[in-house]
Amino acid sequence: MVKEIERAGLPVVHVCTIVPISLTVGANRIIPAVAIPHPLGDPSKTAEEEKQIRRRLVERSLKALQTEITDQTVFND
Amino acid sequence: MSYRIVHYINQFYAGIGGEEKADIRPEIREGVVGPGMALKGALGSEATVVATVICGDSYFASNMEQASAEILEMMKQYKPDAVVAGPAFNAGRYGTACGAICEAVMKNLGIPAVSGMYPENPGVEMYKKSFYIVETPDSAVGMRKAIPAMAKLVLKLLKGETLGTPAEEGYIERGIRKNKFYDKLAAERAVDMFVAKLQGKPFVTEYPMPVFDRVPPNPAVKDMKNATIALVTSGGICPKGNPDHIEASSASKFGEYDITDVKDLTCDDFCTAHGGYDATYADQDADRVLPVDVLRDMEKEGVFKKLYNKFYSTVGNGTAVASAKKFGAEIARKLIADGVTAVILTST
């Protein structure tokens, strides 16, 4: 899906836990996430801390979308 | 003498549990477990399954390097002559684990390793160059065919027998070229193929071309303050009750859901339809998969102009690549028509 959205001309960022699969599939802008059943959350934290984790991942995603790249890029921070 | 084989399987095939147990750490047990019984039968007297390593799919996928190292150490204690992993069919995390382990076994222990997967399993694309993967159907229905083929291949490798072509042996092409002598000159063979092609007759190429499907990245978003951001997910998030009946695996459709006045995905209104991961956390708070709450905050703060008023969702669990391609293209068409600037796509 990521690749087809990109092919259609929309910049897309893939937030996912298993980065090697995302690279294999062909995503270009990749944000490593927290864990498979909760990529943008962490149930072991308080609701507030969890929302902060999520906020950071979304901020990183928006930053990735605003970054010019020429090849597949994993945005670690 | 009988060769010593260590078998690798996941928590599901070990009978430990499904997604709720997918985070178990690796353990090793003496003898066969689960599909190891069929493997033992197929190997006959020539090889023995001396031990079985079991690991949760999510644990492996989330800690690939550490889990591989732990598993190698466990395997070493049983002095294997070869390792068999899976078959993983079309299970993505399981296939990735089988691939990573077999690759590590070949590299670090210097012994043969064999697995079995469906060609669309992401583990195939990642590891097919490193070792032999037997082609299997997409589900465990194919177990009875997969296990004998894997046993046959590993025995051949152990005995140092020359392997035939992928089609002859039933493994997935690894991109290895071998020199071979023919009575006919290359030019003659090429003309024969060309003539067959012109006549619409079947012919087999001697050198299949690899297929690369890469899409170059689109230019970055220049004006985020005026951008409309859309959310898409393969994590199966949908309104409670899954009104479109998106399948828990091998999804045949995607859903389009309005979030015009939704500020937060609460457990009263949203859940996941996904059957390939433990749904507990997504059902409690779907923002953990699809970050609507945070995006609403940022929209209010003016970081970007607008969160698109619909999100698109499907279940990425054994879903055919052809279906995913179709969903992606359709979703993109709708988003572009509505003036969306960029997309955040989340996967579990």
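This is a predicted model: local features need pLDDT of at least 70, side-chain atom pairs count only at pLDDT 80 or more; totals for chains, interfaces and linings use all residues.
**Chain B and its contact with chain A**

Start with one pair of residues that links the two chains. Val15(A) has Thr346(B), in strand E12(B), as its bridge partner.

Now widen the view to the whole contact between the chains. Chain A puts in 44 residues and chain B puts in 53 residues. On the chain B side, several elements each supply at least two residues. They are helices H2 (57–62), H4 (92–108), H5 (122–127), H9 (280–284), H10 (292–301) and H11 (321–337), together with strand E12 (342–346). H11(B) gives the most, with 10 residues. What classes of residue make up the side of chain B that touches chain A? It divides into 32 nonpolar, 10 polar and 11 charged residues.

Next, take chain B as a whole. It has 11 helices and 12 strands. Along the principal axes, its C-alpha atoms fill a box of roughly 70 × 60 × 35 Å. Chain B has 348 residues, and 45% of them count as buried. Take the contacts between residues at least 6 apart in sequence: 73% of them join residues at least 24 apart.

Domain 1 covers 3–169, and domain 2 covers 224–346. Their centres, taken over C-alpha atoms, are separated by 35 Å. How many residues of each domain are in contact with the other? Six residues of domain 1 of chain B meet five residues of domain 2 of chain B. The domain 1 side of this contact has four charged residues, one polar and one nonpolar.

Finally, look at a single helix, H3(B), residues 64–76. Its 13 residues should span 18 Å at 1.5 Å a residue, and its end C-alpha atoms are 18 Å apart, so the two values agree. Which of its residues are buried? They are Ala67(B), Ser68(B), Ile71(B) and Met75(B). These four residues cover an arc of only 100° around the axis, so they lie on the same side of H3(B). The general rule behind this is that an α-helix has 3.6 residues a turn, so residues three or four places apart point the same way.

The face of H3(B) turned away from the buried side carries the exposed residues Glu65(B) and Glu73(B). The cover over the buried residues of H3(B) includes strands E1 (3–10), E3 (47–55) and E4 (82–89) of chain B, along with H2 and H4 of chain B. H2 and H4 of chain B also supply residues to the contact with chain A.

Definitions and conventions. Residues are numbered from 1 along each chain as its sequence is written. Chains are lettered from A and ligands numbered from 1 in the order in which they are written. Two residues are in contact if their C-beta atoms, placed from the backbone, lie within 7 Å. Ala, Val, Leu, Ile, Met, Phe, Trp, Tyr, Cys and Pro count as nonpolar, Asp, Glu, Lys and Arg as charged, and the others, Gly among them, as polar. Two strands pair if DSSP finds at least two bridges between them. The expected span of a helix is 1.5 Å times one less than its number of residues. A residue is buried if 20 or more other C-beta atoms lie within 10 Å of its own, exposed if 12 or fewer, and partly exposed in between; C-beta atoms are placed from the backbone. The arc is that of the directions from the helix axis to the C-beta atoms. Domain bounds come from an automatic or database domain assignment.
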